[in-house]
Amino acid sequence: MATFHESASIEGVVEVIPQVFADDRGYFVETYRREWFGLGREMVQGNRGNRDAGSVVGLHFHLHQADYWYVPSGHARVVLHDLRIGSPTEGATQMLDMGEIDGINEHLGLFIPPGVAHGFSSLTDCVITYLVDGYYNTADELGVAWDDPEIAADWGVQNPILSPRDAANPRRCDIIERHRPPYPLRT
């Protein structure tokens, strides 16, 4: 059985440690179950990203979409920042490492609710899989600057490799209020 705990830093973020079944052949791990998230919605799309060491992806956020992340290979540093207006953790930043840390895969899953900005850096070449509860929608694909001093993230990389989009994201203070979701989110 998996174990869960809600983030002490950001309301609604849930960290999952799934059970690992190992034998002489290797291991099996159940990375996600819908029943683990009573208030979550059905995940409708699965995605995979392969990233080279030194890459930074994000920070991205959605008004209507939740994500569930898992890193099956490599080491990623995840950065989260609560943008939800009125959230008890509004303005909080959290960083955590996922995947293979010091040669051991921690098998951590991460549920990220709408309104929480999220991104990751590849501390090694890595693979990240993520499930989302809404189909891709350009209008719900927003961003905030990865290097915003107000967010103060330690990405753990020098000279990050960024997409043009992520390099151009606005600072938190420049995000129009209507692009920040209220808390609790009404979907």
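**View A. Strand S2 pairs with strand S11 in this predicted model.** Strand S2 covers residues 14-17 and runs antiparallel to S11, with three bridges joining the two. Glu15 has Leu110 of S11 as its bridge partner.

**View B. Strand S7 also pairs with strand S11.** S7 spans residues 67-73, and four bridges link this strand to S11 in an antiparallel arrangement. Here Tyr68 lies opposite Phe111 of S11. Both faces of S11, which consists of residues 109-112, are covered. Gly109 and Phe111 are buried on one side, and Leu110 and Ile112 are buried on the other.

**View C. Six strands form an open sheet.** The strand order is S10-S9-S8-S12-S6-S14, and the pairing is antiparallel. S10 (104-105) and S14 (142-143) each have a single partner strand, so one side of each has no neighbour in the sheet. Within the sheet, S6 (residues 56-61) and S12 (residues 116-122) are joined by three bridges. His60 stands opposite His118 of S12.

**View D. The largest nonpolar core contains 18 residues.** Trp69, Val78, Leu80, Leu96, Met98, Leu110 and Phe120 touch the most other members. At least two residues of this core come from each of S7, S8 (75-82), S9 (93-101), S11, S12 and S13 (126-132). S8 gives the most, with three residues.

**View E. Val78 and its contacts.** With neighbours within four places in sequence left aside, Val78 is in contact with Trp69, Gln94, Met95, Leu96, Met98, Leu110, Gly119 and Phe120. Another core, of 14 residues, lies apart from the largest one and includes Leu59, Val79, Ala117 and Val144.

Notes:
Residues numbered from 1 in each chain as written. Predicted model: local features only at pLDDT ≥ 70, side-chain atom pairs only at ≥ 80, totals over all residues. Heavy atoms only, no water. Pairing = 2+ DSSP bridges. Buried < 20%, exposed > 50% of the residue type's maximum accessible area, 1.4 Å probe, protein only. Core = buried A, V, L, I, M, F, W, Y, C linked by side-chain atoms within 4.5 Å. Contact = heavy atoms within 4.5 Å.
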